[in-house]
Amino acid sequence: MPAVSKGDGMRGLAVFISDIRNCKSKEAEIKRINKELANIRSKFKGDKALDGYSKKKYVCKLLFIFLLGHDIDFGHMEAVNLLSSNKYTEKQIGYLFISVLVNSNSDLIRLINNAIKNDLNSRNPTFMNLALHCIANVGSREMAEAFASEIPRILVAGDTMDSVKQSAALCLLRLNRTSPDLVPMGEWTARVVHLLNDQHLGVVTAATSLITTLAQKSPDDFKTSISLAVARLSRIVTSACIDLQDYTYYFVAAPWLSVKLLRLLQCYPPPEDAALRSRLTECLETILNKAQEPPKSKKVQHSNAKNAVLFEAISLIIHHDSEPTLLVRACNQLGQFLQHRETNLRYLALESMCTLASSEFSHEAVKTHIETVINALKTERDVSVRQRAVDLLYAMCDRSNAKQIVAEMLSYLETADYSIREEIVLKVAILAEKYAVDYTWYVDTILNLIRIAGDYVSEEVWYRVIQIVINRDDVQGYAAKTVFEALHAPACHENLVKVGGYILGEFGNLIAGDSRSSPLVQFNLLHSKFHLCSVPTRALLLSAYIKFINLFPEVKATIQDVLRSDSQLRNADVELQQRAVEYLRLSCIASTDILATVLEEMPPFPERESSILAKLKKKKGPGNLPDIDDSRRNVNGNTEHHEPTETTNKSPPSLMADLLPTNRPRPASSSPIMLSAGTMGSSHPFTDLLNLNSPPAAAPSLLVDVFSDLSAPASVEVSEDNFSRFVCKNNGVLYENQLLQIGLKSEYRQNLGRMYVFYGNKTSTQFLSFSSSVTNGDALKGQLIVHAKSVDPVIDGGAQVQQILNMECVSDFTDAPVLNIQFRYGGALQNIAVKLPVMLNKFFQPTEMTSQDFFQRWKQLGAPQQEVQKIFKSQHPMDTDVTKAKILGFGVALLDGVDPNPANFVGAGVIHTKDTQVGCLLRLEPNTQAEMYRLTLRTSRDSVSQRLCDLLSEQF
Amino acid sequence: MIKAILIFNNHGKPRLIRFYQYFAEDMQQQIIRETFHLVSKRDDNVCNFLEGGSLIGGSDYKLIYRHYATLYFVFCVDSSESELGILDLIQVFVETLDKCFENVCELDLIFHMDKVHYILQEVVMGGMVLETNMNEIVAQVENKISPSGGLSAAPARAVSAVKNMNLPEIPRNINIGDINIKVPSLSPF
């Protein structure tokens with residue numbers, strides 16, 4: 001163990017680590033860690049002042065415990081103290097602890113900033129470096145505010161050491177990414193560009209990174225960097241590996257800097273100045289030439305470094321997209337790599353070629369590699385590489401090779417990894433549609449897709465095929481024939497049944513002439529699948545049956561028998577039962593003419609962007625769709641204003657509303673007629689029909705223009721009168737006006753909740769087009785997911801309908817979702833918005849604990865930001881039983897005999913969110929004389945403490 | 001930019017974690033588990049790049065990793081970094097560790113976590129690459145940790161001393177009076 005003697009050994013630390021390693025079980029390890037934590041805590045809290053060495057040792061232990069995955073909630077102050085030590089090792093460990101453990105919104109940031117300021121002003125380069133590292137690593141706004149103007153000064157000052165300059169450049173870059181608005185541009189910018197000429201290559205590398213980011217924001221200010229970068233690059237590329245100090249890496253001259261310079265040049269179009277341009281072209285040619293030279297070393301590091309530069313040069317060539325000869329050479333080079341024995345190179349070659357495929361100069365050249373790429377798809381052992389091959393095939397596809405590529409993708413799909421199947425399905429569906437010359441091929445392809453990978457075919461895909469078939473009458477007969485044949489397969493996927501049901505329902509007549517597919521055969525075929533299907537599919541099939549009655553009067557009796565059977569008329573599922581009843585009645589009482597009108601063929605859908613494409617974009621992010629979007633990779637990264645990535649598991653409403661209403665695809669009600677019938681008054685023969693057939697009133701908006709986005713709720717004032725009443729209870733009346741009453745019943749379990757919303761019509765007139773939806777504010781998105789089931793669009797006078805909302809708490813939240821209600825009452829549109837009483841405390845699980853446990857935990861949560869306290873005047877009579885009920889209703893367990901003062905109330909619970917669980921302790925001290933309360937809350941999260949305190953304090 | 005650097009062993013035990021973007025502690029542990037799961041099931045001779053797991057940002061981020069004996073070194077980076085460049089950087093980092101620890105092994109990382117952090121700090125700063133020149137890195141580290149300097153660092157320090165000749169300050173004169181205690185008995189490995 002030679003290293004021990006070299007460094008600054010800390011014996012206690014080594015012993016502790018050895019102990020942990022000797023632990024036989026997880027429990028023993030946790031026990032040892034808790035013992036150590038208690039020890040450190042008592043040392044930190046003890047009266048005896050610790051010397052720097054001990055502090056350093058304990059902080060180091062805490063770091064190790066953190067590494068093992070334990071939450072460290074103390075020691076920050078001690079670490080901050082170490083910052084002001086004059087001993088380098090102590091200062092260093094302080095900074096390390098802070099940059100690993102302190103997040104950007106800690107309360108200590110002011111103290112930390114102070115220490116940083118001192119070190120920056122110390123003129124000691126080592127200390128300055130530490131401070132700069134810390135700013136860069138934490139990168140918070142407060143730090144940016146404090147230092148953003150200081151750092152440029154350090155960067156361009158003449159007497160700054162090279163290593164400090166390096167750190168300062170990167171520190172500035174980091175602040176520019178986290179808080180771009182705080183970094184002032186100014187006269188320093190010109191001087192930064194000249195750092196490209198610096199003697200020290202480390203400084204040049206750091207400066208290049210900085211300039212690249214700045215140049216993306218304001219390209220004009222940094223135009224002068226182009227010529228400097230080209231000159232520098234040229235010197236490196238043509239150098240004979242001398243004068244580069246130690247920056248030659250395995251015989252490659254300064255590869256990292258070359259890569260950075262090539263990235264910088266990708267911020268700009270090709271240089272306009274002819275001399276400069278030819279110098280750059282020369283550089284790029286040299287790099288391409290070097291790839292052909294025999295390697296100077298057998299080591300993989302040599303070829304890695306060389307190729308890193310080469311790939312970046314190719315990226316630049318693709319970016320400029322102006323020199324056909326270079327583009328073709330780049331393409332050939334990548335072609336060589338496609339068959340290289342090094343997997344990494346094959347991967348990168350496939351990836352680069354994707355972008356190359358979108359250039360008009362090289363698209364054809366890329367296409368020549370199609371066989372190799374297809375081969376890669378079949379033979380590569382690594383799924384990452386295969387995925388790149390799929391991407392490239394998708395990018396190089398055009399009308400000439402679409403059939404081949406789609407066929408290959410389809411056959412690959414049968415064995416593809418589960419993780420990438422859905423994406424391939426989407427890609428195949430898009431290519432098939434985009435390059436379909438004859439739509440019979442398209443229909444075949446999609447049906448194949450469903451056959452091979454039915455489970456991965458999303459709704460959008462089968463909606464789309466129906467949409468296309470309905471819009472193109474030349475393919476309808478073929479589609480009907482094909483689905484009819486496909487349905488004969490012994491085990492066909494439910495998606496196929498859906499497509500089959502829909503298409504035969506619309507166009508079954510086109511193939512009915514053939515005795516092999518006579519109406520009765522068609523019906524029997526569909527009905528043979530009926531019992532194997534889920535409820536939505538069955539509902540769709542019932543609609544297909546009623547369409548059959550219209551298309552083929554000869555099977556009417558058979559179908560009526562089916563509808564009349566108990567399994568339909570008395571089906572446990574309301575939707576199915578209702579359809580069966582309605583369709584049966586419709587077929588009995590309506591005349592042929594009326595049937596023909598009501599059950600008319602679907603009108604064509606308006607043309608729109610494919611919803612599948614939207615889905616793929618969503619899945620992959622816009623940057624990864626070559627050929628359709630501008631495919632350039634976001635070369636130089638971006639700011640870190642990262643939004644929470646969208647979860648793709650729940651399709652957002654725009655997709656659901658697209659094309660078809662998901663839960664009731666009823667082709668039966670071609671609704672324009674129904675709608676107009678509703679306004680014609682009671683003399684019209686339809687009135688009866690409508691009464692018995694009430695639900696489709698929701699359909700007009702969905703079926704007539706299925707593409708329109710859900711009409712955004714008009715802005716109305718959000719009512720929150722009764723909001724606070726629901727903090728401690730789950731049931732009651734939420735809202736009431738002259739027309740409508742809204743009642744709630746809700747239940748919660750861990751991080752999930754379900755709310756039943758009852759809408760009562762207080763008038764004697766129907767509410768029409770009733771709809772209600774839930775919207776989350778921006779802050780709330782991602783914190784709370786609310787999924788609202790659809791609600792009946794008609795509420796009869798005096799009647800009540802129910803809506804179910806399912807909720808999931810992802811992380812702690814403060815805002816509340818808003819329930820938007822719209823309906824028509826006597827012709828006037830009514831808009832109501834109510835704040836839904838979903839609060840953080842609903843996700844409480846009560847926790848019983850002993851007095852000892854309680855106080856131990858209470859002490860553990862002792863950090864100042866974890867506690868929130870409020871003293872307030874009581875608004876209601878101070879009744880002990882009522883208070884108890886309220887605390888219980890709040891969701892915590894009421895702990896008796898914990899508080900020495902029996903008049904006080906003490907509670908404990910755990911907030912469950914999907915991300916985490918937050919333990920919470922509360923104490924309420926009433927003062928009856930003064931009619932005041934003091935409420936104290938301690939949780940491990942300051943935002944939670946604050947929110948809970950706000951909620952509860954208004955209840956007394 | 002580099003979003004995170006994770007080092008864990010063949011059993012998924014973390015040996016060094018460094019996040020350059022804020023994640024809560026439990027999230028960090030989840031990311032480690034997810035990453036380990038993604039990386040460890042891959043054969044040794046497949047490629048060194050893969051798309052990031054869903055927790056760390058999905059396909060916008062790449063995991064670039066190398067597997068050395070018992071340890072995985074994983075860098076999670078965005079599209080602004082060159083894949084091969086990062087692969088080289090991992091190599092530089094490991095070679096530097098090797099120089100500083102003289103035949104580095106997993107145990108060194110366990111018992112000298114702080115020192116590993118300092119070395120990393122000289123290579124990557126705030127998610128950006130600070131230095132790729134191995135000698136320079138070693139010089140900085142040796143310089144700071146033991147001002148008396150190890151033998152191995154001498155030539156490199158000479159280089160930087162010459163380079164900095166015309167500058168007023170040289171970071172050499174920091175006096176750290178620290179006690180060196182040998183660890184008496186290490187647990188069997």
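The term pLDDT denotes the predictor's confidence in each residue, from 0 to 100. This is a predicted model in which local features need pLDDT of at least 70 and side-chain atom pairs count only at pLDDT 80 or more, while totals for chains, interfaces and linings use all residues. Residues are numbered from 1 along each chain as its sequence is written, and side-chain values use heavy atoms, with hydrogens and water left out.

**View 1. Confidence across chain B.** Chain B has an average pLDDT of 76, and 76% of its residues score at least 70. Over residues 147–189 of chain B, pLDDT stays under 50. Where pLDDT is low, the predicted coordinates should not be read in detail.

**View 2. Helix H4 of chain A.** Residues 52–67 of chain A form helix H4, which spans 23 Å from first to last C-alpha, close to the 22 Å expected at 1.5 Å a residue; the expected span is 1.5 Å times one less than the number of residues. Of its 16 residues, 15 are buried (under 20% relative accessible area, 1.4 Å probe, protein chains only). A:Gly69, which follows H4(A), has a positive phi near 100°.

**View 3. Surroundings of B:Ile2.** Contacts of B:Ile2 (heavy atoms within 4.5 Å), not counting residues up to four places away in sequence, include B:Tyr20, B:Phe75, B:Ile86 and B:Val129.

Key. Chains are lettered from A and ligands numbered from 1 in the order in which they are written. Helices (H or I, at least four residues) and strands (E, at least two) are DSSP runs, numbered from the N terminus. Buried means under 20% relative accessible area, exposed over 50%, partly exposed in between (1.4 Å probe, protein chains only).
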